[in-house]
Amino acid sequence: MIQVEGLTKIFHDNKRGEVIAVNNLKFNCQMGKIYGLLGPNGAGKTTTLRILATMMRPTVGKVKVNGFDVVREPDEVRKQIGFLSGETGLYDRFTPRETLQFFGRINRMENEIIDKKMGEIFQALDMENFKDVRVDKLSTGMKQKLSIARCILHDPSVLILDEPTVGLDIITARTVTNYVESFKKQGKCVIYSTHIMREAEKLCDVIGIIHHGKLLAQGTLKELKKYSSLEDLEEIFFELIGRENS
Amino acid sequence: MNWKNIRSIFSKEIIGAIRDKRTLIAMIIVPLVFYPLLFIGMGYFSQMGNKKSEETVSIVAIKGEEFALQLSKHLENQEKIKTITKEDNAFAKLESGEIQAIIEIPPQFDSKIKQRESSRLVLKHDSTEVKSRVAQKRINLVIDEYLREIVSQRLNDLNLDEEIIHPFVLEMENVASSEKVAGTFLGFLLPYLVIILIFAGAMHTAIDITAGEKERGTIATLLVSQISRLEIVLGKCMAVMMVSFTSMIIGLFGISISLLSGNAIAGSGGIEGMKLGVTFSTFLLLFLILLPLVGLTSSVLVIVGIFARNIKEASSYITPIYMLTIFLGVISISQGIELSGNMFLIPILNSSFVFKEILMGKIYWSHIITTFSANMIIAGIALLGATRLFNKEEVLFRS
């Protein structure tokens, strides 16, 4: 599970001075649940997820993944997580099989286990027919399947997904969201950032609405509707942003 | 630190580099095909040009032929010289290249010579034209011969022996061994070439596996894996070193083919016939000097690559470093420059000088140890610097 307590991240920018990218966030995500971070571009979603994935350090606050602290125990945290973002690329000159073998090795997996796991994934994700084709020859959908395979190869219990459907066509995006739902069924803890309302509504058990680095509200869709007295998530979102701006 | 992880990164980068057409072109096609063609082509055209100039008959205008009949006759007798005596626009024709030289003979030239007086000749030529330079040489030979004839005649008239004007004869003997000649030739050229080959070989791969990973968004996948930043940097640096070293070896092989092909470098016959004095111990010493240089170059390029936002930015940062490297290489080519003690602490410059010394058979251990240690320490610092940069989120996620 993920526990975030008072998370703040401040960047130093030569032109703008101190920029508060994330401001005192507090949320939890339980195993077998999908927590959605919903917000526009620049809201602080990517920064939050980068901190959860140990790529950045928080300025203030505590973040724990399955009980391991992201600052003090980054190696332990990395064992627990799988990270996927719309921006995570793949090595063009490698085949899916070589890609997974490489990531398996650097995630300290034994060769036999890599092969076994790879076989299962190729079958589950329907990748058998392109497993030995170089990545630069693959379609966007095939590439995204490989990205998912890379992310789950070492069987992480926590998945950090940063706008994984951005830039994808509707069919590929559906493939991704189907897998996200299957992760939940497998009892994994999923944190999912998006700016697409439909995705958040459909996928997430708990939604946190984030704007200018602040968590404006969080809860189940039902709770959010009750809290705002509005029916539509998009309306709730604009209502909350309007309140924040005024 | 886990060597298995470093090896995984190293293998991944090497396979990536081998599968990259650009690396293959830069590493194999350019040195093994382009260099020999370039050298052979340069040699061939230069040789052709010289041959043509030597074969062409020089047209020489003589102004005042009637004042130096003997000299004119000598010139006319030359197979490769055609004299013309009635030419009004001689100067314009020399400038346009229609004729190759003008000889101006003053009045009373012959009579002054007869009276054992000194006279004056003017030879005009265009030093920028090969044919004109050839004509000047040909005329000089004729004039020298004619001068000797006159001097000999004058001495004879005075009943003096020719030895009176030759108090001694200077005989030159070259004591340089063929190994030393070869060493000097190589020592002059090789350090410069080696530095350029190491740098050029490392450049593309270093940028591609650092700034390139940032640009393609693959860096995040490495950062969230269970591998330390130091292991990533070490694996990457070793891969760059390997590519750089291999490019240098292939590059040198390509250049050797070019030189040994005989026609290379102005048709001088290359280094054919020169006996190389490179023994196993020399080879080991050269390796000892090259290893830290390759390491240093690779780590510096990796630092630049990590710092840059993308490949384009990395390329522009590397350009001045490349220029500086070429500059230091050029200093090593400059004849007559000797480095003093502390100067052996300057990377690149130190390697090229020690390299030169070793090739010429001069083994100065103080220079070798200083160079090796200085470059190793700087390479180590650069490696640590690269790891530190890899830990800095503001560098990795600069936008």
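**View 1. The crossing of H14(B) and H15(B) is left-handed.** A crossing is left-handed if the near helix is turned anticlockwise from the far one by less than a right angle, and right-handed if clockwise. The model is predicted: local features need pLDDT of at least 70, side-chain atom pairs count only at pLDDT 80 or more, and totals for chains, interfaces and linings use all residues. Residues are numbered from 1 along each chain as its sequence is written, with chains lettered from A and ligands numbered from 1 in the order in which they are written. Helices (H or I, at least four residues) and strands (E, at least two) are DSSP runs, numbered from the N terminus. H14 covers residues 349-359 of chain B, and H15 covers residues 365-391 of chain B. Their axes come within 10 Å and cross at roughly 150°. H14(B) is therefore roughly antiparallel to H15(B). Axes are lines fitted to C-alpha atoms, for helices over the stretch in contact, and angles run from 0 to 180 degrees between N-to-C directions. Angles under 35 degrees count as roughly parallel, over 145 as roughly antiparallel, 65 to 115 as roughly perpendicular and the rest as oblique. On H14(B), B:Asn350, B:Ser351, B:Val354 and B:Glu357 meet B:His367, B:Ile368, B:Thr371, B:Ala374 and B:Asn375 of H15(B). Contact requires C-beta atoms, placed from the backbone, within 7 Å. By class, the residues of this H14(B)-H15(B) contact are three nonpolar, five polar and one charged. Ala, Val, Leu, Ile, Met, Phe, Trp, Tyr, Cys and Pro count as nonpolar, Asp, Glu, Lys and Arg as charged, and the others, Gly among them, as polar.

**View 2. H1(B) crosses H10(B) at roughly 40°.** H1 spans residues 3-18 of chain B and H10 spans residues 229-260 of chain B, with axes that come within 8 Å. That angle makes H1(B) oblique to H10(B). The crossing is right-handed. H1(B) contributes B:Asn5, B:Ile6, B:Ile9, B:Phe10, B:Glu13, B:Ile14 and B:Ala17. Among the partners on H10(B) are B:Glu231, B:Ile232, B:Leu234, B:Met238 and B:Met242. The contact of H1(B) with H10(B) holds 11 nonpolar, two polar and three charged residues.

**View 3. H2(B) passes H6(B) in a right-handed crossing.** The axes of H2 (residues 21-55) and H6 (residues 130-157) of chain B come within 9 Å and cross at roughly 50°. H2(B) is thus oblique to H6(B). B:Gly49, B:Ser53 and B:Glu54 of H2(B) make the contact with B:Val130, B:Lys131 and B:Val134 of H6(B). Two of the contact residues are nonpolar, two polar and two charged.

**View 4. Chain B is divided into two domains.** Domain 1 takes in 3-46 + 176-396, and domain 2 takes in 53-165. The bounds come from an automatic or database domain assignment. The C-alpha centres of the two domains lie 55 Å apart. Chain B has 16 helices and four strands. Its radius of gyration is 31 Å, whereas a compact globule of 399 residues would have one near 21 Å. The radius is taken over C-alpha atoms, and the globule rule is 2.2 Å times the number of residues to the power 0.38. Along the principal axes, the C-alpha atoms of chain B fill a box of roughly 100 × 45 × 35 Å.

**View 5. Chain A has nine helices and 10 strands.** The radius of gyration of chain A is 18 Å, close to the 18 Å that the globule rule gives for 246 residues, so chain A is as compact as a globular protein of that length. The C-alpha trace of chain A spans about 55 × 40 × 35 Å along its principal axes.

**View 6. Chain A meets chain B through 24 residues of chain A and 17 of chain B.** On chain A, helix H2 (74-80), strand E6 (81-85) and helix H3 (96-106) each supply at least two residues of the side that touches chain B. H3(A) gives the largest share of that side, four residues. That side of chain A has 10 nonpolar, five polar and nine charged residues.

Terms used. Contact = placed C-beta atoms within 7 Å.
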